[in-house]
Structure formats: C-alpha cells, structure tokens
Amino acid sequence: MTIVDAVPARHERPMIDEAALAAARDADLLLSAALARGSVRWEEFLSPLPGQLRDVGLRDLRKVAMRARAAYGPKDSIREALPPELTEPFLIDLDRLLKAIARETMEGRL
C-alpha cells in the first residue's frame, strides 16, 4: 500500500460522506440566507464551505469541519446573524460529521 492508498476514498466511508454532504446542504442554505440579509462577514465565511464539504478528501475533511464549527464561537457566532432554523441543523450535522471522523480514526480506519 502506498501513501496515496493509505487514506480511503470518501465513498468508502459512507457515514462520513453522508454527514459531510448533509452539512454541505446546510451550508448552502446558510449562505443563501447570508446573501439575502446582506451579511458580508458570514457570506465570506460560508462561501467556500459547501464546496469543500462536498469535495475534499478524508484527509482534509476534519479541518474543514472544524473551520465551519468555529462559526459558533462564544463572542462571534453565526447564531447572532442568521435564523436558528438554519444554524442549528448545520451545527448538528457538523457535530455528527466530526463524531463519525473521530470514530473512524479511533478504530484505525482513517
């Protein structure tokens, strides 16, 4: 097995892939809401996330999810700018994604 083969493709880890795709759909909705409200700060923060959550490999997915999770900071939170019916599903799906990544890592499959 070469170094390139050491990390499986995302489709080989369906729980992770499904969680990442759900988070990407949530990020799309949040980005649309930020655009509609003219929230430039959250538009800039969110704009790369849907594509990254859909496309990055397993090696980089945790980093992207952690970056997205930073939107829920104690001093500057996306919850203050966008409605909870959009922010809370994103948080839930990000946490589900991070747990799936952690589980696969602990089991030695990542």
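Which residues in helix 4 meet which residues in helix 5? I found Leu-61, Arg-62, Ala-65, Met-66, Ala-68 and Arg-69 in helix 4 against Phe-90, Leu-91, Leu-94, Asp-95, Leu-97, Leu-98 and Ile-101 in helix 5, contact meaning heavy atoms within 4.5 Å. By class, I noted ten nonpolar, no polar and three charged residues (Ala, Val, Leu, Ile, Met, Phe, Trp, Tyr, Cys and Pro count as nonpolar, Asp, Glu, Lys and Arg as charged, the others, Gly among them, as polar).

A note on the source: this is a predicted model, where local features need pLDDT of at least 70 and side-chain atom pairs count only at pLDDT 80 or more, while totals for chains, interfaces and linings use all residues. Residues are numbered from 1 along each chain as its sequence is written, and side-chain values use heavy atoms, leaving out hydrogens and water.

Next I checked the geometry. The axes of helix 4 (residues 58-69) and helix 5 (residues 84-106) come within 10 Å and cross at roughly 150°, so the two are roughly antiparallel (angles over 145 degrees).

Then I turned to helix 1 with helix 5. Their axes come within 8 Å and cross at roughly 155°, so this pair is roughly antiparallel too. The residues of this contact divide into 17 nonpolar, one polar and six charged.

I also looked at helix 1 (residues 14-37) by itself: its 24 residues should span 34 Å at 1.5 Å a residue, and its end C-alpha atoms are 34 Å apart, which agrees. Gly-38 follows helix 1, with a positive phi near 70°.

Note on methods
Axes are lines fitted to C-alpha atoms, for helices over the stretch in contact, and angles run from 0 to 180 degrees between N-to-C directions. Helices (H or I, at least four residues) and strands (E, at least two) are DSSP runs, numbered from the N terminus. Angles under 35 degrees count as roughly parallel, over 145 as roughly antiparallel, 65 to 115 as roughly perpendicular and the rest as oblique. The expected span of a helix is 1.5 Å times one less than its number of residues.
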